[in-house]
Amino acid sequence: MLGPRATRPKTAGPPGPPGTGGTPSTAGDAAAAVDAFLAAHLGARLEEARQVDAVFAEEVAGRVAAFVLRGGKRLRSAFVWCGRLAAGQAGDPETPVRVGAALELLQAAALIHDDVMDGSPVRRGAPAVHADFARAHRAGGMRGSAASFSTTAAVLAGDLALAWADDLFTETALFSPHGDRLLREWRAMRAEMVAGQYLDLRAQATGSSDGAEAMRIATLKSALYTVQRPLTLGAASAAADARTMEALRSAGRCAGLAFQLRDDLLGAFGDPAVTGKPADEDLRGRKPTYLLAVAVRYATESGDTEALAALAPDAARHPEDSVARMRAALERTGARAEVEKEIDALAAASLRHFADAGADAGARREFAWSVERAVGTVPVAGGEGV
């Protein structure tokens with residue numbers, strides 16, 4: 001159990017941009033407040049890093065700070081605020097802003113490490129952190145392998161982002177009357193993320209095409225920490241009751257899965273100018289997505305041997321047109337259309353579950369707006385999802 005609460009030190013300015021009384025009035029305002037908080041908070045972390053070592057501060061801490069501030073939709077921050085709204089907005093409004101900032105730092109750690117694991121050269125429309133380290137290695141005429149140096153340096157950068165996330169969250173929880181509940185959500189979320197990432201790695205290595213396994217990975221790796229846990233963290237900061245928390249877990253799981261299924265479609269068919277990353281990475285790496293699993297199942301049921309050959313575990317390693325053949329198979333089998341339907345159904349179900357939390361009309365409107373940003377479609381309440 002956490003000890004007695006004290007007054008939290010003000011390390012990074014007000015929550016703003018203000019709604020009434022200096023409090024963000026919408027989920028979008030809350031996301032902007034997180035950006036403002038992060039700018040000040042990371043400035044303080046960089047100053048601390050300079051006290052440790054100037055090279056470390058410039059080359060590692062500076063890269064992490066720049067990556068965090070460079071972009072992203074701040075979806076998790078918006079969902080934290082939606083959770084607070086659903087619970088009635090009790091408590092200090094700075095707490096969900098700080099929680100949102102900690103989540104953005106955690107997201108940065110996850111993306112930096114994920115890009116290393118996937119060998120992704122681009123993130124948020126710019127070189128991924130490990131790719132930038134490799135560029136610096138070559139430009140500086142350093143000895144040894146640029147690939148080895150950049151991989152190791154990026155792992156350290158991701159570790160630093162994770163440490164900053166934990167430090168900020170722990171400080172926030174220590175000075176919150178609901179710190180024990182917040183910490184339980186945070187601990188569970190970190191374990192889920194690692195489990196999902198490992199299961200994804202394992203399924204890729206085994207060449208899995210199992211739909212249930214793909215949905216399990218999507219839930220653990222993305223859905224829970226993108227929507228469900230942010231919602232419940234925001235609600236816990238406002239002393240939500242058990243009924244509200246349970247409804248938000250259901251809402252968050254549905255919206256989070258819709259988000260991941262949309263990400264799967266963008267990974268196969270997206271425009272790099274919009275997504276900020278190459279459009280064929282998931283296909284070249286044969287990521288074990290639900291989209292792939294549906295296509296394999298439909299091809300098996302219909303006897304489409306051409307599609308099965310295009311989607312086989314070793315297909316992407318051979319013909320130059322393998323990615324085009326995989327895309328064609330995803331379309332022809334009906335998998336792309338089926339996943340679009342699942343996204344719509346899941347997004348709709350998330351609105352219904354959110355309403356079950358007892359959220360008022362304003363909170364429901366902010367959640368619907370946040371879900372639309374996450375999944376790329378306007379959700380209409382009523383679906384059941386998978």
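Which residues do ring pairs link into a cluster? I looked this up before anything else. The answer is F79, F354 and F367. I note here that the model is predicted.

**Entry: aromatic pairs**

I then picked out F133 and F149, which form an edge-to-face pair. Their centres lie 6.2 Å apart, and the planes stand at 80° to each other. I checked where the two rings come from. F133 sits in helix 5, residues 129–139, and F149 sits in helix 6. The two are 16 residues apart, and the pair links distant parts of the chain.

Next I looked up accessibility for both partners. F133 has 3% relative accessibility, so I logged F133 as buried, the cut-off being under 20%. F149 has a relative accessible area of 31%, so I logged F149 as partly exposed.

**Entry: arginines over rings**

I looked for charges over ring faces. R76 lies over the face of Y225, 4.6 Å from the ring centre. R124 lies over the face of F67, and here the distance to the ring centre is 4.7 Å.

**Entry: helix 5**

F133 sent me back to its helix. How many of the residues of helix 5 are buried? I count 8 of 11, and the helix is mostly covered. The buried ones are V129, H130, A131, D132, F133, A134, A136 and H137. I then asked what covers them. The cover includes helix 2 (54–70), helix 4 (94–118), strand 2 (126–127) and helix 6. After helix 5 comes G141, with a positive phi near 60°.

Q89 has phi near 65°. Q89 lies in the loop between helix 3 (75–86) and helix 4. Its relative accessible area is 39%, so Q89 goes down as partly exposed.

A239 has phi near 60°, again a positive value in a residue other than glycine. I placed A239 in the loop between helix 8 and helix 9. At 42% relative accessibility, A239 is partly exposed.

**Entry: the second largest pocket**

Which helix gives the most? Helix 6 does, with 5 residues. By class, I recorded 5 nonpolar, 2 polar and 4 charged residues in the lining of this pocket.

**Entry: the cavity**

I searched the whole structure for cavities of 30 Å³ or more and found 1. The largest cavity holds about 80 Å³ of space. I listed its lining: D264, A268, D282, L283, R286, K287, T289, L291, L292, M326 and L330. The lining of the cavity divides into 6 nonpolar, 1 polar and 4 charged residues.

**Entry: single residues**

Is S222 buried or exposed? S222 is found in helix 8, residues 211–237. Its relative accessibility is 4%, so I count S222 as buried. I left aside neighbours within four places in sequence and looked up the remaining contacts. S222 touches I217, F259 and Q260.

R352 lies in helix 15, residues 335–356. At 25% relative accessibility, R352 counts as partly exposed.

V378 falls in the segment after helix 16 (361–375). Its relative accessible area is 59%, over the 50% cut-off, so V378 is exposed. The C-alpha atoms of V378 and A368 are separated by 7.9 Å, and the two residues are 10 apart along the chain.

How values were computed:
Residues numbered from 1 in each chain as written. Predicted model: local features only at pLDDT ≥ 70, side-chain atom pairs only at ≥ 80, totals over all residues. Heavy atoms only, no water. Helix = DSSP H or I, 4+ residues; strand = E, 2+ residues; numbered from the N terminus. Nonpolar A, V, L, I, M, F, W, Y, C, P; charged D, E, K, R; others polar. Phe/Tyr/Trp six-rings, centres within 6.5 Å; stacked < 30°, edge-to-face > 60°. Buried < 20%, exposed > 50% of the residue type's maximum accessible area, 1.4 Å probe, protein only. Lys NZ or Arg CZ within 6 Å of the ring centre and 35° of its normal. Contact = heavy atoms within 4.5 Å. 1 Å grid on protein atoms, 1.4 Å probe; cavity = no way out; pocket = protein on both sides within 12 Å on 5 of 7 lines; lining within 4 Å. Points joined across faces, edges and corners; volume = space filled by probe spheres on them.
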